[in-house]
Amino acid sequence: MKILVMSDTHGDATIIQEVKKQNLDVDAIFHCGDSELPFDAPELKDVYKVRGNCDYDMNFPTEVIKEINGETIFMTHGHLFGVKSNLNALSFRAREVGADVVLFGHSHILGVELVDEILYVNPGSLLLPRGRKEKSYAIIEKTGNSWSVSFYTEEKQIIAEKNLVI
């Protein structure tokens with residue numbers, strides 16, 4: 001399984017298209033909200049997407065649960081789960097839906113954590129990063145029982161990489 005995850009692009013449709021073009025070999029693309037684009041924007045075609053606190057098109061769902069190659073992926077923006085404070089509410093929901101992977105944004109801070117065999121990934125922001133200067137997105141790969149999460153700049157330069165084993 002190989003997926004592309006982005007978030008918090010705040011109206012920059014061009015960056016979404018550019019990142020998609022740089023990563024044509026992925027099984028799926030996820031946008032964790034605050035695109036500030038219409039739900040049916042061409043840049044979001046073939047992208048799983050959720051509504052963030054800055055998205056006003058009510059066609060966006062607040063959550064997406066999708067199975068990709070046997071892995072259950074739960075995505076939400078994060079503002080409804082208080083992710084700027086802690087991941088407790090998010091982890092309760094992840095367990096309720098049987099998630100293997102949890103994708104979220106909102107804080108604009110990239111991060112990855114494996115807790116109780118559930119992978120949590122925040123790809124950061126492709127417009128307004130916090131905690132570092134690089135704008136970022138994530139590529140998540142699973143091979144066997146190991147996860148690889150790589151964070152990239154908008155120019156596809158590696159920022160950070162983490163390998164985790166379940």
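**Terms and values**

Modeller: Let us start with charge. The chain has 17 positive and 25 negative charges, and their mean positions are 2 Å apart. Lys and Arg count as positive, Asp and Glu as negative, while His and the chain ends are not counted. The place of a charge is NZ of Lys, CZ of Arg, CG of Asp or CD of Glu.

Colleague: What should I know about the source of these values?

Modeller: This is a predicted model: local features need pLDDT of at least 70, side-chain atom pairs count only at pLDDT 80 or more, and totals for chains, interfaces and linings use all residues. Residues are numbered from 1 along each chain as its sequence is written, and side-chain values use heavy atoms, with hydrogens and water left out.

Colleague: How many helices and strands are in the chain?

Modeller: There are two helices and 11 strands. Helices (H or I, at least four residues) and strands (E, at least two) are DSSP runs, numbered from the N terminus. From that end the order is β-α-β-β-β-β-α-β-β-β-β-β-β.

Colleague: How do you know whether the radius of gyration agrees with a compact globule?

Modeller: The radius is taken over C-alpha atoms, and the globule rule is 2.2 Å times the number of residues to the power 0.38. For 166 residues a compact globule would come out near 15 Å; the chain has 14 Å, so the two agree. The C-alpha trace spans about 35 × 30 × 30 Å along its principal axes.

Colleague: What makes Asn-23 count as buried?

Modeller: Buried means under 20% relative accessible area, exposed means over 50%, and partly exposed lies in between (1.4 Å probe, protein chains only). Asn-23 has 2% relative accessibility, so Asn-23 counts as buried. Asn-23 sits in the loop between α1 (13-22) and β2 (28-31). In the chain, 52% of the 166 residues are buried.

Colleague: Which residues does Asn-23 touch?

Modeller: Contact means heavy atoms within 4.5 Å. Not counting residues up to four places away in sequence, Asn-23 touches Leu-4, Tyr-137, Ile-139 and Lys-156. Pro-61 is 38 residues from Asn-23 in sequence, and their C-alpha atoms are 25 Å apart.

Colleague: Why is His-79 called partly exposed?

Modeller: His-79 has a relative accessible area of 28%, so it is called partly exposed. His-79 lies in the loop between β5 (71-76) and α2 (88-96). Its contacts, leaving aside neighbours within four places in sequence, are Arg-51, Gly-52, Asn-53 and His-106.

Colleague: And Thr-143: buried or exposed?

Modeller: Thr-143 has 59% relative accessibility, so Thr-143 counts as exposed. This residue is found in strand β9 (137-143). Thr-143 and Gly-82 are 61 residues apart along the chain, with 31 Å between their C-alpha atoms.

Colleague: How do you know that the buried residues of α2 are on the same side?

Modeller: The buried residues of α2 are Leu-90, Ser-91 and Ala-94. They cover an arc of only 95° around the axis, so they lie on the same side of α2. The arc is that of the directions from the helix axis to the C-beta atoms. An α-helix has 3.6 residues a turn, so residues three or four places apart point the same way. The face turned away from the buried side of α2 carries the exposed residues Phe-92 and Glu-96. Cover for the buried residues includes β5, β6 (101-103) and β8 (118-122).

Colleague: What makes the buried residues of α1 a single side?

Modeller: In α1 the buried residues are Ala-13, Ile-15, Ile-16, Val-19 and Lys-20. Their arc is only 165° around the axis, which puts them on the same side of α1. They pack against β1 (2-6), β2 and β9. Exposed Thr-14 and Lys-21 are on the face of α1 turned away from the buried side.

Colleague: Which phi values are positive in Asp-8 and Asp-34?

Modeller: Asp-8 has a positive phi of about 50° although it is not a glycine. Asp-8 lies in the loop between β1 and α1, and with a relative accessible area of 0% Asp-8 is buried. For Asp-34 phi is near 60°. Asp-34 is in the loop between β2 and β3 (48-49), and its relative accessible area of 2% makes Asp-34 buried.
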